[in-house]
Amino acid sequence: MFEGVLPAIITPFKEDGELDEEGFRGNIEFFGEAGVSGIVPCGTTGESATLTFEEHKKVVEVAVDSSQVLVVAGTGSNNTSEAVELTKHAKDAGADAALLITPYYNKPNDRGMMAHFRAVAESCDLDLILYNVPTRTSINLKPELVAELAKIENVVGIKEASGSLSQVSSIIEMTQDEDFVVLSGDDNLTLPIMALGGKGVISVVADVSPRKMVAMVDAMLKGDLNEARRMHYQLAPLARALFLETNPIPVKTATGMIGLAAGPLRLPLAPMSEKNDEKLKEVIDLLGEFR
């Protein structure tokens, strides 16, 4: 069920810092019309780290209410009880799955990682997608641990953003007998990850150019490597530009540039430098029509 393109969507705010619910609903409609498979609210790109618990739950509720595609709600935390609470809420709100980042900052050992994810999995029967992004969390979810977690019935996949194709290959090799999918968590590596057997991407680029990202991933799913490679290189400048500064600073800037609801960032994130802002605008102008 979880394949294709799932944009990791931004959380738009009004100038006073409040959630822009109307703009958020409009953005979700835009993604649905672009042919994405699902959306992922309340991830890193959605500034989850600065959302209050009440806002986090509200964003998930609005996403479920507005979306005609799958909703994979970010519910991870470095506090297991908080992850359990947010995951239960996502289930009650009607989300199709939850995305669970590895516990950041705490740096648990392997036993702690297993116990954390198992506790969340046993708390409710919602499908869970693990999220491995060592550059953010300072901890790597090893293939051996992923393979063990994949045996849990409602652990159905992983968003892999370790940057290691060798690790992705090992995960796919070790989980091929399970009902388990690997999704790219790095837009630049989506094509090679899918060549290894990955089923799609939870994407930042798709916030800005969903149709082109859908075209690339669909081509890979159909086995049309030449077309997928063509789209990969067409999107490569945007993928680089969206990480000129810490995510989601560039992508939130870019969504505003193309006319989607965006609004200000929340501190401690600050606007892009003028130099990088100009670089981003040049790439967007070159890429063409978005809406």
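The dialogue below turns to cavities and pockets, then to charged residues.

Guide: This is a predicted model, in which local features need pLDDT of at least 70, side-chain atom pairs count only at pLDDT 80 or more, and totals for chains, interfaces and linings use all residues. Residues are numbered from 1 along each chain as its sequence is written, and side-chain values use heavy atoms, with hydrogens and water left out.

Visitor: How many cavities of 30 Å³ or more does a search of the whole structure find?

Guide: On a 1 Å grid over the protein atoms alone, a cavity is a set of points where a 1.4 Å probe fits but cannot get out; a pocket is an open set with protein on both sides within 12 Å along at least five of seven lines; and lining residues have an atom within 4 Å of a point. Points are joined across faces, edges and corners, and a volume is the space filled by probe spheres set on them. Here the search finds 1 cavity of 30 Å³ or more, and the largest cavity has a volume of about 40 Å³.

Visitor: Which residues line the largest cavity?

Guide: The lining consists of Asp-187, Asn-188, Val-205, Met-213, Met-216, His-232, Leu-235, Ala-236 and Ala-239. Helices (H or I, at least four residues) and strands (E, at least two) are DSSP runs, numbered from the N terminus. Helix H10 gives the most to this lining, with 4 residues. By class, the lining has 6 nonpolar, 2 polar and 1 charged residues; Ala, Val, Leu, Ile, Met, Phe, Trp, Tyr, Cys and Pro count as nonpolar, Asp, Glu, Lys and Arg as charged, and the others, Gly among them, as polar.

Visitor: What is the volume of the largest pocket?

Guide: The volume is about 610 Å³. Of the 28 residues that line this pocket, Gly-43, Thr-44, Ser-48, Ala-49 and Tyr-104 are the closest to its centre. Strand S4 (97–101) is one of the elements that supply at least two lining residues, and S4 gives the most, with 3.

Visitor: How many salt bridges does a search of the whole structure find?

Guide: The search finds 11 salt bridges. In one of them, Arg-266 pairs with Glu-55, with the closest N and O atoms 2.7 Å apart. Arg-266 lies in the loop between helix H11 (249–257) and helix H12 (274–287) and Glu-55 in helix H2, so the pair ties together parts that are 211 residues apart in sequence. Both Arg-266 and Glu-55 are buried.

Visitor: Which residues are linked in a network of salt bridges?

Guide: Glu-21, Arg-25, Lys-58 and Asp-65 are linked in such a network.

Conventions: Salt bridge = Lys/Arg side-chain N within 4 Å of Asp/Glu carboxyl O. Buried < 20%, exposed > 50% of the residue type's maximum accessible area, 1.4 Å probe, protein only.
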